[in-house]
Amino acid sequence: MYGSATEKPSLARGAGQRVLLAVEDPEVAELLSTTLELAGYRIDTVGTGTEALARLGAHRFDLVVLDLTLPDLERLTRGQRGVIQRPPVLFLAACDALGRLLPELGLGEKDYVTKPFRIAEVLARAQVLLRGTNTGRRESGLGYGDLALDDSACQALRAGQALHLTPAEYRLLRYLLVNAHKVLSKEQIGRYVWGDFHGDNAIEQLVSRLRRKVDREGPALIHTRRGFGYWLGRSAERE
């Protein structure tokens, strides 16, 4: 019914933006959250309008992906519409409802995708909506202290020195940077780096190789939270 999370054509990618995914159907929510996370976004998921409103009041998001079949949606689309319009909103809408929703919500062509949707279309629309909010973000890469990632050259540097990472090491470092100070499980890492879970040993070896390269000449940035996973940052700065 929906495009697979494993579609391979040149999908639009994010750069660590925080996305609130408000979808009732657990299977659709899992598909979208997995795909958006693999594409470089940080995802929070809720299943009702009330939960979405509470989350939006407590945290800052760069984008909301909102299913228009969500329970108790009226609080968001009517009386509380101003709350969800602070970040851009990508609506998931059924074709037979567009005649009513387009004038009611004032949707433009870039503001919605119709169900059943294609994953590539969701990612493309998300990137378009976020484009106007990213003017202050470096387009070419990410950084933390003296550690820098240049996506245009697929190169990582620390204190100006190239780290000579393998593709898997580079993907892992990017994932850690996007989620700095957040503990990532081995399952999350495996899904991001390889598209599936490769087992504890493969991930431990990958993290070990990356740690030797990143932390060789400076204070340790890659840390283990035993029993939980790995995180990147300086210990004193972790929230």
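This is a predicted model: local features need pLDDT of at least 70, side-chain atom pairs count only at pLDDT 80 or more; totals for chains, interfaces and linings use all residues.
How many of the 12 residues of α7 are buried?

1. Helix α7 is mostly covered, with 10 of its 12 residues buried.

2. The length of α7, which runs over residues 167–178, agrees with expectation, because at 1.5 Å a residue its 12 residues should span 16 Å and its end C-alpha atoms are 17 Å apart.

3. The largest nonpolar core has 28 residues, of which Leu147, Leu172, Leu173, Leu177, Ile189, Leu210 and Leu232 touch the most other members. Two or more residues of this core are given by each of β6 (141–144), β7 (147–150), α7, α8 (186–194), α9 (200–214) and β11 (229–232), and the largest share, 8 residues, comes from α7.

4. Leucine 172 touches Ile189, Val193, Leu206, Val207 and Leu210, when residues up to four places away in sequence are not counted.

5. Histidine 223 lies in strand β10, residues 222–225, and is buried, because its relative accessible area of 14% is under 20%. Its side chain reaches the backbone oxygen of glycine 233 at 2.7 Å, and the residues that histidine 223 touches, not counting those up to four places away in sequence, are Arg211, Gly229, Tyr230, Trp231, Gly233, Arg234 and Ser235.

Methods
Residues are numbered from 1 along each chain as its sequence is written. Side-chain values use heavy atoms; hydrogens and water are left out. Helices (H or I, at least four residues) and strands (E, at least two) are DSSP runs, numbered from the N terminus. Buried means under 20% relative accessible area, exposed over 50%, partly exposed in between (1.4 Å probe, protein chains only). A polar contact is a pair of N or O atoms within 3.5 Å; within protein, one must be able to donate a hydrogen and the other to accept it, and residues adjacent in sequence count only if both atoms are side-chain atoms. Contact means heavy atoms within 4.5 Å. The expected span of a helix is 1.5 Å times one less than its number of residues. A nonpolar core is a set of buried Ala, Val, Leu, Ile, Met, Phe, Trp, Tyr and Cys residues joined through side-chain atoms within 4.5 Å.
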